[in-house]
There are 2 protein chains.
Amino acid sequence: MLRYTPPVDDMAFALFDVFDAEAEWARLPAFADMDEAVAKAVLAEAGKLAAETLLPSYQSSDAEGARWRDGEVVAPAGFRAAFDGLVKGGWLGVSGNPHHGGQGLPKMLTVLVEEMFWAANTNLYLYGALTTGAAICIDAHADAALKRRYLPRLYSGEWTGAMALTEPHAGTDLGLIRTRAEPLADGTYAITGNKIFITSGEHDLADNIVHLVLAKLPDAPPGSRGISLFLVPKYRPSDDAADGPDAAGSVRNGFVSRSIEHKMGIRGSATSAIEYDAAVGHLVGEPNRGLACMFTMMNHARVSVGIQGLGLAELGYQNAAAYARERPQGRAPSGPRDQNAEADSILVHPDVRRMLLAQRAFTEGGRAFAAYVGLLLDRAEHTADEVERDAAQVAADLLTPVAKAFLTDRAMDCALLAQQTFGGHGYIAEHGMEQIVRDVRISQIYEGTNGVQALDFTARKVLRDRGQALRRLLNDLRGETVPDEFRAPLHAALDATERAAERIATAARADPAAPGAASVEFLELAGLAIYAWLWARMAQVVTKADAAQRARHEGKLDVARFFYAKLLPKTVALECAIQAGAAPVMALPEELF
Amino acid sequence: MLRYTPPVDDMAFALFDVFDAEAEWARLPAFADMDEAVAKAVLAEAGKLAAETLLPSYQSSDAEGARWRDGEVVAPAGFRAAFDGLVKGGWLGVSGNPHHGGQGLPKMLTVLVEEMFWAANTNLYLYGALTTGAAICIDAHADAALKRRYLPRLYSGEWTGAMALTEPHAGTDLGLIRTRAEPLADGTYAITGNKIFITSGEHDLADNIVHLVLAKLPDAPPGSRGISLFLVPKYRPSDDAADGPDAAGSVRNGFVSRSIEHKMGIRGSATSAIEYDAAVGHLVGEPNRGLACMFTMMNHARVSVGIQGLGLAELGYQNAAAYARERPQGRAPSGPRDQNAEADSILVHPDVRRMLLAQRAFTEGGRAFAAYVGLLLDRAEHTADEVERDAAQVAADLLTPVAKAFLTDRAMDCALLAQQTFGGHGYIAEHGMEQIVRDVRISQIYEGTNGVQALDFTARKVLRDRGQALRRLLNDLRGETVPDEFRAPLHAALDATERAAERIATAARADPAAPGAASVEFLELAGLAIYAWLWARMAQVVTKADAAQRARHEGKLDVARFFYAKLLPKTVALECAIQAGAAPVMALPEELF
């Protein structure tokens, strides 16, 4: 049985010691009511829900899976009660707009709340997580009537959300979609087409499901400039006409789940193929600007998926560490540690420590990174000063693909190390470690594969503004006061990132393949450099703390040193691979693959 | 549906172009009958069996799984016919001792035969692979009567083999086992105890199953010096008494499968918990020397598991490359490639090429590595000159843990890249890519985890002889003539490996934790250096070839350059991490994990 202890102390460390969240919130009127005590109460309450209500059905939901029958989808046993816990606590509206019933908590805090939900039951939380994203998109782009009608019931969790983008022949390349939207007389649209991979597109945990669907208007321009976004509810509420209640009352809309997928993991989450047959939808945002609207949702979802990885990595670490403490096997290299036992615990073996420390370095570093990205998102939304606000938005945009890809790639590394710590027992279903690996794997694929994230980071976020946003970030990080022992390697990593960006920019002028040939390595390099900054910052906090505080954060300095000694050196290899340019990637003729 | 084309041309390249197998065989009287034509016929025949007979039940066996009922185990549908193909072709005896009915083919060739069987149906071949290992152990250590009685029927595949080592509380640390062996009056032993994780320990594909079981004699010394090895057949044949046929005829021996495991992958393979209740066994080898005898089997199995990884990586690559050629999505960075289509195939994207090329670099490099290890094993067994034979054995021993761990770690990387190439479709069961990931994962865990391999390599194979065997190998590789462009980076990788070995040896004198704190990085560094040598050697072959030969091996030079530009630089990071020593790994107090 998997165990999970919500890491609320480490979350408070990230919020209040690593970043001065209270000072941050004091500067933003939207968070006037927030302070350390409130935040800690929120974390404690979310943690309690995660460990006590969400966790128990996580493993059983994998064995049972979601079930499909005649268009209806039944969620696994125990999910109704667990979902009710999310709903009753108001957890699906924590970051929502207070004008429509949301709680408006800082994202810096809610990313950590999400970490615990993803950790304790990724399968279950998938039914809720897309609700938050759909609400953000509606809040940003829909008209006032739609907001009034839909937001309160999404924030409350009475209804849930789904995003319908992919079609069988169109995944990354959404310009190819064929779903059509025909204007109707009352200002709504008839949506017709087939979508696949729709997470929570159909299920029995909520009274209504609100789909945000990409479709093409008649005579839309070809490609991605001809895509519009529509809100398509499973049940049309009685007030769902453009100009007030229609006669029909709450009626079933014209779409149905044709099947659900059999997947490697997240098996308790139902992934539907949906057929829309003249389903009634409302345009969200401007015609043909649907992709931009959808990106509001997607950017949120990308950060959230990064946090999903983080949560699962933490779950894996906790169970691997417990196993390592409890499993006797072999003896310490320096001789028997426990003379009275037949064997020492495997925690005495250096390589077991290496595996656990790598997980610690990435989960604790990842938690600080998540808080930092949340902080940037809060500043981007709520800072009064426009210049400062824009700068925060640019930084958040820059780091969104890094948060998605670096957090999930490292989460996969961590999950594999956690499984490996169990030896043969890690391969057996009952221990749950193999489930974590299977479940975390999707986070590298959906919401844009990590290869797509890397190209977004490299081409859109770095090259397009000639590296300005990245340089600004790197200069900020260079200005940080850190313990002496970390200064030189930190600056080396930051400098390597800047050199790599310049190298890619130069190469791109001669060869359009250059960014894509280096993008994955470049994102990983940037991620490691940012974690080097975060670990140096954490080390500085601990070094400067008084004795009492220091005792609380014992171990941070050791993990920081492990990160610098064992993980950061990869930056050197990544820079070499980037400097090699596009030729080694592009030379092999296509017919020889 | 997964596709598989046996890579027989590339295998012939490894055997006859990269290594001059014909000259090698001409020097060894045991292989007097072998030549290129015979070897190619063997490869073609094995490939045909793999693709036509083994492959079709691979995916269905995962969905169906092996089934247990009242101690009986039923293999998945289609496995009987597929196994019969292995048996009828004599494939389980290809490397067996000709004096007892084996075919005695060179291991250099049979490792490549095995690659195809592992690739086409890992689940099925697991019922056969342990047979070969059991036979090798019996041939090396059992008495003449046991050899006569058991070897012919193992080589024919009429009977299969299994190894029973692990107990619930004793995995890596076999010194802890509790299974007992009581001497009986007729010279046999009564074996009693519980074993777990017994691959093919019970199934319905063969008439008999021959277990090699580790157990302790009465008054055996404690720990690993008190372990003996016993041959315990499921059915005792009528001639199974020490001094001729006994009265009982063929009788069921006293052990039973208590259950089979529910696993992440290799679900068509039955992994039993076996209870031995005074089962009759024969001592193999000397009393209390069982672990050494078992290592004869284990060393073979470790190479074979490495090849399992290689085979699955090849299966993944072939399907990923096919998908990349066929899936239209997006446009080439330089503009539309196919003007008439809506989109170009994803093969135009540099990052897709990167993923595929990394797989190519490791599978083709791995194939050459497998052939090289096979060559060393052949020399170690058959070379007349004793000094030369011993040198080959030392080199084979040195490289066995590298073959097991480096081949399987890279296979996991490759399988994940192959799955990633499919995007969201890679996560869906029907495409089979996620099955490859789940199946390859076990290869990093069983037959000694890859962490155990790394410690074996570092402490036993390198430090114990003060680095002599490693230095001899590195000096051999340094002597190789390679194209100019690869010389400096090849020598840098070889030198880095030697420096790392020296650093670990120095550190180990002061700190017994030093080898384990660096071992995983050290094995990976050595593996990359060896692949650098192999790729340089392959590049040299192609460069020196005449035009006709060159056309056959088109692309090798491009893949070599990719390996050097994109993958080899990791050696720099690994050396840094090794140079950091044990302190970063050992500093965190145990109670803080």
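Me: Which domains does the assignment give for chain A?

Reply: Chain A is divided into domain 1 (8–141) and domain 2 (298–325 + 368–407 + 440–585); such bounds come from an automatic or database domain assignment. This is a predicted model, in which local features need pLDDT of at least 70 and side-chain atom pairs count only at pLDDT 80 or more, while totals for chains, interfaces and linings use all residues. Residues are numbered from 1 along each chain as its sequence is written, and chains are lettered from A and ligands numbered from 1 in the order in which they are written.

Me: How many residues of domain 1 of chain A are in contact with domain 2 of chain A?

Reply: On the domain 1 side there are 24 residues, in contact with 25 residues of domain 2 of chain A. Two residues are in contact if their C-beta atoms, placed from the backbone, lie within 7 Å. The centres of the two domains of chain A, taken over C-alpha atoms, are separated by 24 Å.

Me: Which helix of chain A gives the largest share of the domain 1 side?

Reply: That is helix 6 of chain A, with 14 residues. Helix 1 (8–18) and helix 6 (107–141) of chain A each supply at least two residues of the side of domain 1 that touches domain 2. Helices here are DSSP runs (H or I, at least four residues), as are strands (E, at least two), numbered from the N terminus. By class, that side of domain 1 of chain A has 16 nonpolar, three polar and five charged residues. Ala, Val, Leu, Ile, Met, Phe, Trp, Tyr, Cys and Pro count as nonpolar, Asp, Glu, Lys and Arg as charged, and the others, Gly among them, as polar.

Me: Turning to the two chains, how many residues of chain A are in contact with chain B?

Reply: The contact joins 75 residues of chain A to 75 residues of chain B. Among the elements that give two or more residues to the chain A side are helix 8 (290–326), helix 9 (350–382) and helix 15 (514–544) of chain A. The residues on that side of chain A are 40 nonpolar, 18 polar and 17 charged.

Me: At what angle do helix 15 of chain A and helix 9 of chain B cross?

Reply: Their axes cross at roughly 60° and come within 7 Å. Helix 15 of chain A is therefore oblique to helix 9 of chain B. Axes are lines fitted to C-alpha atoms, for helices over the stretch in contact, and angles run from 0 to 180 degrees between N-to-C directions. Angles under 35 degrees count as roughly parallel, over 145 as roughly antiparallel, 65 to 115 as roughly perpendicular and the rest as oblique.

Me: Which residues make that contact?

Reply: Gly516(A), Ala517(A), Ser519(A) and Val520(A) of helix 15 of chain A meet Pro350(B), Asp351(B) and Arg354(B) of helix 9 of chain B. By class, there are three nonpolar, two polar and two charged residues in this contact.

Me: How do helix 9 and helix 17 within chain B cross?

Reply: The axes of helix 9 (residues 350–382) and helix 17 (residues 556–567) of chain B cross at roughly 110° and come within 9 Å. These two helices of chain B are therefore roughly perpendicular to each other. Their contact has seven nonpolar, one polar and two charged residues.

Me: Is Tyr427(A) buried or exposed?

Reply: Tyr427(A) is buried, because 26 other C-beta atoms lie within 10 Å. A residue is buried if 20 or more other C-beta atoms lie within 10 Å of its own, exposed if 12 or fewer, and partly exposed in between, with C-beta atoms placed from the backbone. Tyr427(A) lies in the loop between helix 10 (386–421) and helix 11 of chain A. Not counting residues up to four places away in sequence, Tyr427(A) touches Glu434(A), Lys263(B), Met264(B), Arg441(B), Ile442(B) and Ile445(B).

Me: Where is Asp70(A)?

Reply: Asp70(A) is in the loop between strand 1 (67–69) and strand 2 (72–74) of chain A. Asp70(A) counts as exposed, with 6 C-beta neighbours inside 10 Å.
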